[in-house]
Structures are given as C-alpha cells and as structure tokens.
Amino acid sequence: MRSIDLSAVTWRRSSYSNTDGGQCLEVADNLSAVPVRDSKTPDAPALILRPTTWTSFVTAVRRDELPIC
C-alpha cells in the first residue's frame with residue numbers, strides 16, 4: 001500500500017462536526033484520496049478513504065442513516 005504524505009495538507013473541520021468541541025471530524029481536500037482525522041488527536045494516523053467511499057459516507061450522514069456520536 002502506498003503512503004500519502006499529509007504533512008503539508010490543509011485540514012478543515014467537517015460541517016457535520018458539532019460546535020462545542022466534542023465531535024471534530026477534519027478532512028483534507030484536493031488530493032487523490034480523502035484523509036480524515038479527529039481534530040482532538042491531530043498527530044494520530046488519519047483514515048484514508050477513496051473519494052467514492054467518502055461520498056457514500058457523507059450521503060448516508062445527510063440522510064441521517066448513520067449515527068455520529
């Protein structure tokens with residue numbers, strides 16, 4: 001499996017993260033994959049998803065099919 005250097009990416013907080021500092025999902029855009037991390041532990045490994053997998057996840061969240069807790 002090839003590794004992706006994430007040291008220079010710009011992370012943004014997902015609009016689905018809550019605003020009280022609890023659930024803080026961050027993603028990085030404009031890559032061939034979609035890295036996802038927990039903002040509370042930015043030095044922990046990121047989850048790397050295929051763009052189609054990320055789209056399916058976001059679609060399910062929008063439909064309220066997945067609990068975000």
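The protein chain has one helix and four strands, where helices (H or I, at least four residues) and strands (E, at least two) are DSSP runs numbered from the N terminus. Read from the N terminus on, the elements follow the order β-β-β-β-α. The model is a predicted one: local features need pLDDT of at least 70, side-chain atom pairs count only at pLDDT 80 or more, and totals for chains, interfaces and linings use all residues. Residues are numbered from 1 along each chain as its sequence is written, and side-chain values use heavy atoms, with hydrogens and water left out.

Some totals describe the chain as a whole. Of its 69 residues, 29% count as buried. Here buried means under 20% relative accessible area, exposed means over 50%, and partly exposed lies in between (1.4 Å probe, protein chains only). The accessible surface comes to about 5,200 Å², and 52% of this belongs to carbon and sulfur atoms; accessible areas come from the Shrake-Rupley method with a 1.4 Å probe, and for residues only the protein chains shown count as cover. Among contacts between residues at least 6 apart in sequence, 26% join residues at least 24 apart, a contact being heavy atoms within 4.5 Å.

The strands come next. An open sheet of four strands has the order β1-β2-β3-β4, with antiparallel pairing; two strands pair if DSSP finds at least two bridges between them. Its edge strands are β1 (11-13) and β4, each of which pairs on one side only. From one strand to the next, the twist averages 30 degrees, with axes taken as lines fitted to C-alpha atoms (for helices over the stretch in contact) and angles running from 0 to 180 degrees between N-to-C directions. In a regular strand the side chains alternate between the two faces of the sheet.

The pairings can be followed strand by strand. β1 and β2 pair in the antiparallel sense over three bridges, and R13 stands opposite E26 in β2. Strand β2 (residues 25-28) also pairs with β3 in the antiparallel sense, over three bridges. In this second pairing L25 stands opposite D38 in β3, while the bridge partner of E26 in β3 is R37. β2 and β3 form a hairpin with five residues between them, and N30 in the turn has a positive phi of about 65 degrees.

R37 deserves a separate look. This residue lies in strand β3 (residues 34-38) and, at 17% relative accessibility, counts as buried. Leaving aside neighbours within four places in sequence, R37 is in contact with W11, C24, L25, E26, P42 and A46. With one of these, E26, R37 forms a salt bridge whose closest N and O atoms are 2.6 Å apart; a salt bridge is a side-chain nitrogen of Lys or Arg within 4 Å of a carboxyl oxygen of Asp or Glu. The pair links distant parts of the chain, with R37 in strand β3 and E26 in strand β2, eleven residues apart. Both R37 and E26 are buried.

By this rule the count comes to three salt bridges. Another one joins D29 and R12, whose closest N and O atoms are 2.7 Å apart. D29 lies in the loop between β2 and β3 and R12 in strand β1, so the pair ties together parts that are 17 residues apart in sequence. D29 is partly exposed, with a relative accessible area of 37%, and R12 counts as partly exposed at 39%. D38 forms a salt bridge with K40, where the closest N and O atoms are 3.0 Å apart. At 32% relative accessibility, D38 counts as partly exposed.

With a relative accessible area of 36%, I48 is partly exposed. Apart from neighbours within four places in sequence, I48 is in contact with I4, L6, A33, V34 and P35. I48 and V36 are twelve residues apart in sequence, and their C-alpha atoms are 6.3 Å apart in space.
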